[in-house]
Amino acid sequence: MLIHEKKSLNDLSELSMVFSTGSNSLPIDEESNDQEESTIPKHLQKIRIRLDTKLKGGKVATLVTGLQGSAEYIEKLCKELKQKCGVGGNVREGEILLQGNHVQKMIDHFIKIGYKDTKRSGG
């Protein structure tokens with residue numbers, strides 16, 4: 001006579017299953033952990049930095065556009081820039097928005113880390 005034990009949801013946590021609807025998905029162990037890898041090399045990307053007053057309700061903000069890379073890499077870069085300038089900011093739709101006028105600091109920093117085609121845009 002077999003006795004069946006009732007399994008709770010906590011017991012199912014021991015299973016390691018991954019469900020995916022993608023056709024070219026990789027198992028979790030084989031995924032790349034390199035967050036800084038981008039589709040275009042840094043020295044070929046066109047980074048544009050400008051002042052913006054429309055996004056922050058009339059306050060001056062520095063907007064960095066043209067970045068290509070993973071969302072995690074852009075978030076990491078935003079955190080680094082916020083610390084460098086000592087201001088707040090965030091990432092929206094792949095663009096970095098920092099509070100205040102930091103255009104020249106950003107241009108210098110992006111050129112230093114390898115983004116050779118970094119320019120000021122706008123006025």
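Modeller: The side chains of Arg 50 and Asp 52 form a salt bridge, at 3.4 Å from N to O. A salt bridge here is a side-chain nitrogen of Lys or Arg within 4 Å of a carboxyl oxygen of Asp or Glu. Arg 50 is partly exposed, at 31% relative accessible area. Asp 52 is buried, at 6%. Buried means under 20% relative accessible area, exposed over 50%, and partly exposed in between (1.4 Å probe, protein chains only).

This is a predicted model: local features need pLDDT of at least 70, side-chain atom pairs count only at pLDDT 80 or more, and totals for chains, interfaces and linings use all residues. Residues are numbered from 1 along each chain as its sequence is written, and side-chain values use heavy atoms, leaving out hydrogens and water.

The whole structure holds two salt bridges. Arg 48 and Asp 117 also pair through their side chains, at 3.7 Å from N to O. Arg 48 lies in strand E1 and Asp 117 in strand E5, so this pair ties together parts that are 69 residues apart in sequence. Helices (H or I, at least four residues) and strands (E, at least two) are DSSP runs, numbered from the N terminus. Arg 48 is partly exposed, at 23% relative accessibility.

Now the helix. H2 spans residues 103-112, and its buried residues are Val 103, Met 106, Ile 107, His 109 and Phe 110. The cover over them includes strands E1 (46-52), E2 (61-65), E4 (95-99) and E5 (117-120), and helix H1 (71-85). Just after H2, Gly 114 has a positive phi of about 115°.

The axes of H1 and H2 come within 11 Å and cross at roughly 130°. Axes are lines fitted to C-alpha atoms, for helices over the stretch in contact, with angles from 0 to 180 degrees between N-to-C directions. H1 and H2 are therefore oblique to each other. Angles under 35 degrees count as roughly parallel, over 145 as roughly antiparallel, 65 to 115 as roughly perpendicular, and the rest as oblique.

From H1, Leu 77, Glu 80, Leu 81, Lys 84 and Cys 85 meet Lys 105, Met 106, His 109 and Phe 110 of H2. Contact means heavy atoms within 4.5 Å. By class, this contact has five nonpolar, one polar and three charged residues. Ala, Val, Leu, Ile, Met, Phe, Trp, Tyr, Cys and Pro count as nonpolar, Asp, Glu, Lys and Arg as charged, and the others, Gly among them, as polar.

His 109 is buried, at 9% relative accessibility. Leaving aside neighbours within four places in sequence, His 109 touches Glu 80, Leu 81 and Lys 84.
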